[in-house]
Amino acid sequence: MRKPSLIAASCATLLAFPAIAADVPVIVKIPRLTVEASGKIAHAAMDACRKQGIQIGVTVVDRSGDAMVVMRDTLAPRITLEISRQKAFTAVNFNAVTSSMENRFSQPFSVGKVDGLVFSAGGIPIEAAGNIVGAVGVSGAATGEQDEACARAGIEAVQFELETANL
């Protein structure tokens, strides 16, 4: 007796949302950042900081926040790896430059207190043809503004390819 009622409930649900069922595709195409592009971004970010005499850690993550490329310059402290990862993770999950969120979550028990999130300058989302495909995070400079400038330099290294991606 329970199976017919379950089938009836399922049919009733489908009938209640006919426009949704007809218009929703069965698959979703999701653009992905390649490991080659991730490597170019990381190297360009590191090179930009090196030109200023700054040793950094840099992480490029995919749209899910999983690391694609992680690099630490020779003299950069080990902690720069974790901070750069968290900046990139935060930027991709909020689809926002982390410097724009520095004061947004400062109250107790706010989302800013969630482990793994860092709301300080140095994390920037990466977009291709209007789609978020990842983020880059940089840590190790004396200021967050320097971290962010190096992260931007990383993205600029592949900016043309990102803007002209055929998605």
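How much space lies in the largest pocket? In this predicted model, the largest pocket holds about 210 Å³ of space.

**Lining of the largest pocket**

- The lining is made up of 14 residues, and those that lie nearest the centre of the pocket are Leu 33, Thr 34, Ala 37, Glu 161 and Leu 162.
- Two elements, helix 3 (35-50) and helix 6 (159-163), each give two or more residues to this lining, and the largest share, three residues, comes from helix 3.
- Sorted by class, the lining of the largest pocket has nine nonpolar residues, four charged residues and one polar residue.

**Packing of helix 3 and helix 5**

- Two packed helices are described by the angle between their axes and the distance between the axes.
- The axes of helix 3 and helix 5 (residues 144-156) come within 7 Å and cross at roughly 135 degrees.
- Because angles over 145 degrees count as roughly antiparallel and those from 65 to 115 as roughly perpendicular, helix 3 and helix 5 are oblique to each other.
- The crossing in which helix 3 passes helix 5 is right-handed.
- On the side of helix 3 the contact is made by Ile 41, Ala 44, Ala 45, Ala 48 and Cys 49, while helix 5 brings Gln 146, Cys 150, Ala 151, Ala 153, Gly 154 and Ile 155.
- By class, this contact of helix 3 with helix 5 has nine nonpolar and two polar residues, and no charged residues.

**Ala 153 within the contact**

- Ala 153 lies in helix 5, and, when its neighbours within four places in sequence are left aside, Ala 153 is in contact with Ala 44 and Ala 48, both of which are among the residues that helix 3 brings to the contact with helix 5.
- Ala 153 and Ala 42 are 111 residues apart in sequence, whereas in space they are 9.4 Å apart, C-alpha to C-alpha.

How values were computed
Residues numbered from 1 in each chain as written. Predicted model: local features only at pLDDT ≥ 70, side-chain atom pairs only at ≥ 80, totals over all residues. Heavy atoms only, no water. 1 Å grid on protein atoms, 1.4 Å probe; cavity = no way out; pocket = protein on both sides within 12 Å on 5 of 7 lines; lining within 4 Å. Points joined across faces, edges and corners; volume = space filled by probe spheres on them. Helix = DSSP H or I, 4+ residues; strand = E, 2+ residues; numbered from the N terminus. Nonpolar A, V, L, I, M, F, W, Y, C, P; charged D, E, K, R; others polar. Axes fitted to C-alpha atoms, helices over the stretch in contact; angles between N-to-C directions. Parallel < 35°, antiparallel > 145°, perpendicular 65-115°, else oblique. Left-handed = near helix turned anticlockwise from the far one by under 90°. Contact = heavy atoms within 4.5 Å.
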